Amino acid sequence: MKRIIYLIFCILLTNGTWSQDLHVGSGAAITTLPGGVLFAGSNVSVDAAASLVTTSDATASGSFIVSGSTAGNITYKRYINDDNWHLVSAPVTNQDIPTFVGVAGNAVTFNGDNDNHAVSYYKNTNAAGNRWTYHNTVNTAPENQETLTSFIAGQGYSMKRTAAGNYTFTGTMANADVSVTIPTTTTTDAGHLWSAIGNPFPSFLSVGSVLTVANLDALGGAFTALYVWDATANAGEGAYTVLNKTADLSQLIAPGQAFMVRANGDGKTFVFSKASQQHNSGVATFYKSSASTPTISVHLTNGTSNKSADLEFLDSSTTGLDVGYDAGAYQDGTPTFSINTHLLSDSQGIDFTRQSLPISSLDSEVSIPLSMNASINEEVTFSVDTNNLPDGVSVYLEDALNNTFTNLT
């Protein structure tokens, strides 16, 4: 079979397809621009003194897919548009973490008070509040500080930059199915089975291709969802966006995007399929709600913190647990300030950040239990946002103690 050998200095690609072998020779450079795509229909090799780079920016992400085998390192530049915490996964394998945090361009936040670098993984065996475990080369005595080695394919990390810019990942390409054990550390708390995992490829995955039957079976019944951190939600305080069967399953998970999941027991396997990779030449979005779905979002604020819980009304839903449609809330211990709902039927005390209800309930009076955490004597304000509710439907807040009703709409 013929090979295409690049000996020239630089190529900038918007879109490119090779049906034969692609060899990037010493001194050559191929860069795929944000929103661009590069597909190799056969094998790819990159010399040590060459570069094959895929990039992203604030509005689009490039992608790179290889049908055959790969040899040599590639680079992915994952753009982060602020200095907030984000859940990130490495789109390459074997990127060394000490080297990564030492690169000035990665601008990883460093805390001089405890010598922590803002690269952390979710260690399930730690106590509540200490589960995010930070890279630290000086002090590893606390349970949430370790000297980390390399990014693990398919594992998610909580990371923070000092300013907007690129995380540059360099390493070999994950070029087969990537299996992740969830929880990623064996838990000692049977009630806390959360893990951070993420897209291990330098390309996109649809929500539907990640929520396979096998992966759904590995997740907990009330937690059959992907929880994507949105740093801009709740007035900039951040919140988890739930991706489950109520989401647009064609929406895409970008290269470098990680999320939280909750397993239904120790040692479950979650698989990211090589065959499910796809390109996206448009804007990379992680979630889009359906404009036709009647929804109610209940908001709670104390003037500083803002929290919310969502209700959706679907033809197929029930008042009990609808696996893949209802989503329990991610909680690391008891929250100090939160609002959620409980199921109308057989709630079992689980807080739900999203609950689906039968659309027929909009034709009658229905009482939905709220679950709230706040400090004693703390003044709080409730409000609601509604979408596509039928005419004449109102939302009331019931004070069961004083037997009063407030129309929030």
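Visitor: What makes Asp332 and Arg131 a salt bridge?

Guide: Asp332 and Arg131 have their closest N and O atoms 2.3 Å apart. A salt bridge needs a side-chain nitrogen of Lys or Arg within 4 Å of a carboxyl oxygen of Asp or Glu. The pair therefore counts as one.

Visitor: Where in the chain do the two residues lie?

Guide: Asp332 is in the loop between strand 28 (327-328) and strand 29 (338-341). Arg131 is in the loop between strand 12 and strand 13. They are 201 residues apart, so the pair links distant parts of the chain. Strands here are DSSP runs of E, at least two residues long; helices are runs of H or I, at least four; both are numbered from the N terminus.

Visitor: What kind of model is this, and how are residues numbered?

Guide: This is a predicted model: local features need pLDDT of at least 70, side-chain atom pairs count only at pLDDT 80 or more, and totals for chains, interfaces and linings use all residues. Residues are numbered from 1 along each chain as its sequence is written, and side-chain values use heavy atoms, with hydrogens and water left out.

Visitor: Why is Arg131 called buried?

Guide: Its relative accessible area is 4%. Buried means under 20%, exposed means over 50%, and partly exposed is in between (1.4 Å probe, protein chains only). So Arg131 is buried. Asp332 has 24%, so Asp332 counts as partly exposed.

Visitor: How many salt bridges are there?

Guide: The count comes to three. One of them joins the side chains of Lys123 and Glu146, at 2.8 Å from N to O. Lys123 lies in the loop between strand 12 and strand 13 (132-135), and Glu146 in strand 14 (residues 145-146), so the pair ties together parts 23 residues apart in sequence. Glu146 is partly exposed, because its relative accessible area is 22%.

Visitor: How do you know that Lys307 and Glu237 form a salt bridge?

Guide: Their closest N and O atoms are 3.3 Å apart. That is within the 4 Å limit, so the pair qualifies. Lys307 is in strand 27 (residues 306-314). Glu237 is in the loop between helix 4 (233-236) and strand 21 (239-243), 70 residues apart from Lys307. At 23%, Lys307 is partly exposed. At 29%, Glu237 is partly exposed.

Visitor: What makes the link between Asn116 and Asn136 a polar contact?

Guide: The side chains are joined at 2.8 Å. A polar contact is a pair of N or O atoms within 3.5 Å; within protein, one must be able to donate a hydrogen and the other to accept it, and residues adjacent in sequence count only if both atoms are side-chain atoms. So the pair passes. Asn116 lies in strand 12 (residues 116-122). Asn116 counts as buried, because its relative accessibility is 8%.

Visitor: Where is Asp177, and what does its side chain meet?

Guide: Asp177 is in the loop between strand 16 (165-171) and strand 17 (178-182). A polar atom of its side chain lies 2.8 Å from the backbone nitrogen of Lys274. Leaving aside neighbours within four places in sequence, Asp177 has contacts (heavy atoms within 4.5 Å) that include Val271 and Phe272.

Visitor: How confident is the predictor?

Guide: The chain averages a pLDDT of 90, and 92% of the residues score at least 70. pLDDT is the predictor's confidence in each residue, from 0 to 100. Over residues 1-8 the pLDDT is below 50. Over residues 285-290 the pLDDT is below 50 too. Where pLDDT is low, the predicted coordinates should not be read in detail.
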